[in-house]
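Open the model in your viewer and keep the sequence panel beside it. The tour goes from one selection to the next, with a note on what to find at each stop.

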Amino acid sequence: MTTPLHRSAQTRACCAEALAQLESQCSSLKLAVVVSDDGFEVASHGVFNQQGNRLASMASSMQALGDAAAREMKLTPCEYLLIDTTDGHLLQRRIHGYPLVLCAVFDHRETVGRSLFAASECAQTIAKNMLQVAA
Amino acid sequence: MTRLSHTLGFAGVDQYQQIMVRSMLTHAAPYLKSEWQIIESADGQVVIFGTGAPPNNQHCRVPVQLVDDANDRGDPLQLPTPVRLMRLLEVLKHAEGLLSGEPASAPMFKREVAAPATAAPSPAPFAVTGGQDWLGLAQLLLTARSNATPGLLKLTIDGAAPLWADLKTGVYYAPFSLSQIAGPTNVISFERMDDHPERGSLFLAPLKKIEPLQWLAGLRGTPGRPAPWVKPDVRFRLKYWPNLAELPHTVTQMSIIARLSHSAMTVEEAARASKADPAQVQNVVNALTLVGLVQEDATARQTPSQSPGPKSSVTHAQPPAVSSLLGRWRRKLGF
Amino acid sequence: MAEHVILIAGPMGAGKTTAIEALSEIPVVSTEAANTDRETADKPTTTVALDYGEITLDDTDKIRLYGVPGQRRFDFMWRIIEERALGLILLVNNDAKDPIGEATAFVEHFGDLVKRGGAVICVTRTDVVSEPSAADYVDAIRRTYPEIIIPVFAMDARDRDQMVIALTALLINIEAQSPLEQDVA
């Protein structure tokens, strides 16, 4: 049986490195979590206690609901999800090629466009890191 | 130290079935008290050997004494087909009961180690041993439930192939579904017997718990009237729901059961609450009592003068309002 | 259009998605993800948000079947659906490590729904492991809720007829919760 992604040290390291990079580029980043499709926390930045696990479960559910809604509309799978509030916004970005999702929370200083760009960059970095490890 | 052991020989086993049995023994191990192994799987025969030792106990494997070995091998059992884990597990558990010296439950296969004559329980008296009516059958089942002595029941319904029930362990085998028994006018005949030459092979067939048969006999024993085992003018409260997936039932009967599950009621009260005919309610109470799923509510014994009094059967028979969710669900299903 | 929500809950691997597929008249909306927790349930995928199915009653009404994930880490989904639900169908696989413990934990978690609406327990995989019995489940739940006698049926979640029996029993039980006086009047 293969090791689940959330228990793989290499996967966790790949994700943690990308999250640190994201944090260095975006001072508005409040927290970020990389989660497996079935709701386990793989890596996190800026979360406390059980907050990461909780966010991982919710992110997994929301991503699955996004995929289900897209499927019902005969669209391709959900690329990203945005929850916008006056305090800031929560953004989820699928990591291509892996059953992983990046979930990041930015404060109100960030524009949606910029946080979406930063999250996409981070997701690509994770995918690239994972490929290098596999090679 | 010698240890009692047991072997079970199964004949007519092809290679595929041998593999299945080996695999099943692995899966069955956590549910068994002792270790069982296949010690022989020659052409067409599998012999399963129970050491009587705890599973995975290396020290208890060697010193064993075979019991009834020759007979087991000389007259092997038939493996139930298709090969089922649960059936094999039942057979092995029964054999374990014999190994540990526990009182033997009803034999699940052809032979068992003969108990000393003095240890054999004397059979309880059965007031009814045969007949041709549902009431007699119900009374026989009731006696069997309260005095679980070994015995077989052979029941024929409308001339079909017989249903066989083991009265002690409360299981039956029928080559048909009891849900196919429609209408109260079925012609039945039944007979209780101590044993039958084909008992072993019969009980290697897929068995079911006897509740559906008790339910059916209880429903039909005394239509619309209190059965002899049911006290009139008493409130009843459900203890357990019957397994409706296995017994023939109507939605009205379910409604009656649901009402009795919420509070203790007399037949009349349950009829009003479930909007059912009191006769139907009485039948359900008769059946539930026979299966042992209701209890009398001793604190709420009701005298006839306290009874709210029967309403007309027209009122009772009214179907639920179609505006209710249940009513629309019933209408959709065509109930 | 009135909303009649039935919540379908139970531990991972009990057959919730299968039960909804058996009952639903529409293709089930599912939110399955690759299951990495194969120790808890050895199956390739698991529900992570909800399963949704429908049964049309008439021109105006539908019964909406919502299945929620079995893992406790998704209990926020449980609460979302529970608030809207009329009743609970609880599926428990009899071959679980502690099926009685699982059943009582779920019944306690959904205690408000069990009391205000109704509940039915469908025990699956009884063909694999026959014990505990239905009575064992009832007795265990009675220790927490002495006045509630929950219907417990041995069911095959794949069998539509059996699941219809479970749903019917639930709806009947919900109706039977109504005070006797109203019915008699």
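In which loop of chain A is A:T86 found? Select A:T86: it sits in the loop between β3 (80-85) and β4 (88-95) of chain A. Bear in mind throughout that this is a predicted model. A:T86 counts as exposed, because it has 6 C-beta neighbours inside 10 Å, and the cut-off for exposed is 12 or fewer. A:H108 and A:T86 are 22 residues apart in sequence, and their C-alpha atoms are 6.7 Å apart in space.

**Helix α1 of chain A**

Select residues 9-25 of chain A, which form helix α1. The helix has 17 residues and reaches 25 Å from its first C-alpha to its last, close to the 24 Å expected at 1.5 Å a residue. Colour its buried residues: A:T11, A:C14, A:C15, A:A18, A:L19 and A:L22. They lie on the same side of α1(A), because they cover an arc of only 125° around the axis. An α-helix has 3.6 residues a turn, so residues three or four places apart point the same way.

Next, show what covers these buried residues; it includes β1, β2, β5 (100-107) and α3 (112-134) of chain A. Then turn to the face of α1(A) that points away from the buried side, where you will find the exposed residues A:A9 and A:S24.

Select residues 29-36 of chain A for strand β1 and residues 41-45 for strand β2. The two strands run antiparallel and are joined by 4 bridges. Within the pair, A:V34 of chain A stands opposite A:A43 in β2(A). The hairpin has 4 residues between its strands, and in it A:G39 takes a positive phi near 90°. Strand β2(A) is largely enclosed by the rest of the structure, because 4 of its 5 residues are buried.

**Where chain C touches chain B**

Finally, show chains B and C together. Contacts link 30 residues of chain C with 24 residues of chain B. On chain C, select α5 (134-144), β8 (152-154), α6 (160-176) and α7 (180-184); each supplies at least two residues of the side that touches chain B. Of these, α6(C) gives the most, with 10 residues. Colour this side of chain C by residue type, and it divides into 19 nonpolar, 6 polar and 5 charged residues.

Definitions and conventions: Residues are numbered from 1 along each chain as its sequence is written. Chains are lettered from A and ligands numbered from 1 in the order in which they are written. This is a predicted model: local features need pLDDT of at least 70, side-chain atom pairs count only at pLDDT 80 or more; totals for chains, interfaces and linings use all residues. Two residues are in contact if their C-beta atoms, placed from the backbone, lie within 7 Å. Ala, Val, Leu, Ile, Met, Phe, Trp, Tyr, Cys and Pro count as nonpolar, Asp, Glu, Lys and Arg as charged, and the others, Gly among them, as polar. A residue is buried if 20 or more other C-beta atoms lie within 10 Å of its own, exposed if 12 or fewer, and partly exposed in between; C-beta atoms are placed from the backbone. Two strands pair if DSSP finds at least two bridges between them. The expected span of a helix is 1.5 Å times one less than its number of residues. The arc is that of the directions from the helix axis to the C-beta atoms.
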